Amino acid sequence: GLAARLFTRVSQFVHVFVFFVFWITRILDLLNAPFLAVIEDRDARRMTARRLSDVVLDCVMPYIHDSKDRDAVSQVCRRWYELDSLTRKHVTIALCYTTTPDRLRRRFPHLESLKLKGKPRAAMFNLIPEDWGGFVTPWVREISQYFDCLKSLHFRRMIVRDSDLQVLARSRGHILQALKLDKCSGFSTDGLYYIGRYCRYLFIFGFLTVFFASVLDAYRGNIG
């Protein structure tokens with residue numbers, strides 16, 4: 001009847017539609033195949049070049065020592081930034097309040113040498129109060145807990161307590177090879193005692209100006 005003829009026509013239409021879609025899909029695949037191959041080849045070349053650049057950079061980065069060159073390299077991309085973070089060996093901080101010990105540790109976890117400056121140069125001419133700041137205590141606390149590769153320390157125009165030298169000597173004395181207390185104040189021979197006792201591998205040790213002046217004033221006071 002009518003229903004049977006309608007069902008037959010619908011079935012024929014479905015078969016024709018499926019056949020048409022199948023061949024259209026095949027034709028489009030054949031037409032797009034060269035373009036897909038080119039895209040895949042381009043992506044493969046990019047991946048190869050990226051791996052090659054990483055290998056080359058891993059070999060070259062340890063030989064870049066200048067801080068300005070390092071800063072320029074770290075701004076190229078995220079990968080180079082990470083490589084600089086992992087391979088940087090020395091950092092100079094011109095003012096200890098421009099960053100924090102925690103940020104330095106997260107940025108450069110494998111440091112071997114650190115130079116840290118506290119008070120401005122005007123402190124050398126007694127133009128800044130003694131209690132202005134520049135305390136080394138938070139830095140020593142961070143160094144004692146982390147920075148396992150640190151071998152050289154240079155503190156300049158900072159306030160260093162005997163307790164700071166004690167913590168530093170007890171925690172890093174077994175690897176510390178160079179320690180400079182340049183125009184620092186606040187410590188005495190008690191702090192130097194811990195350096196001499198625990199820093200067995202120290203072959204560079206210097207302390208200048210302020211410590212000698214304080215010792216000399218104390219000596220003169222005792223004599224007077």
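1. Helices (H or I, at least four residues) and strands (E, at least two) are DSSP runs, numbered from the N terminus. In these terms, Tyr97 lies in the loop between strand 1 (90-93) and helix 4 (101-107).

2. The model is predicted, so that local features need pLDDT of at least 70 and side-chain atom pairs count only at pLDDT 80 or more, while totals for chains, interfaces and linings use all residues. Residues are numbered from 1 along each chain as its sequence is written, and side-chain values use heavy atoms, with hydrogens and water left out.

3. An open sheet is formed by five strands in the order 1-2-3-4-5, with parallel pairing; two strands pair if DSSP finds at least two bridges between them. Strand 1 and strand 5 (204-207) stand at the edges with a single partner strand each, so one side of each has no neighbour in the sheet. From one strand to the next, the twist averages 5 degrees (axes are lines fitted to C-alpha atoms, and angles run from 0 to 180 degrees between N-to-C directions).

4. Strand 1 pairs with strand 2 in the parallel sense over four bridges, and Val91 stands opposite Leu114 in strand 2. Buried means under 20% relative accessible area, exposed over 50%, and partly exposed in between (1.4 Å probe, protein chains only).

5. Strand 3 (residues 152-156) and strand 4 (residues 178-182) run parallel and are joined by five bridges. Ser152 stands opposite Ala178 in strand 4.

6. A search of the whole structure finds two aromatic pairs. Rings of Phe, Tyr and Trp (its six-membered ring) pair if their centres lie within 6.5 Å; planes under 30 degrees apart count as stacked, over 60 as edge-to-face and the rest as tilted. The Tyr97 and Trp132 rings have centres 6.0 Å apart and planes at 75 degrees, so this pair is edge-to-face. Because Trp132 lies in the loop between strand 2 (113-117) and helix 5 (137-145), and Tyr97 in the loop between strand 1 and helix 4, the pair ties together parts that are 35 residues apart in sequence.

7. Tyr193 and Tyr194 also form an edge-to-face aromatic pair, at 5.5 Å centre to centre and 70 degrees between the planes. Tyr193 counts as partly exposed, at 46% relative accessibility, and Trp132 counts as partly exposed at 38%.
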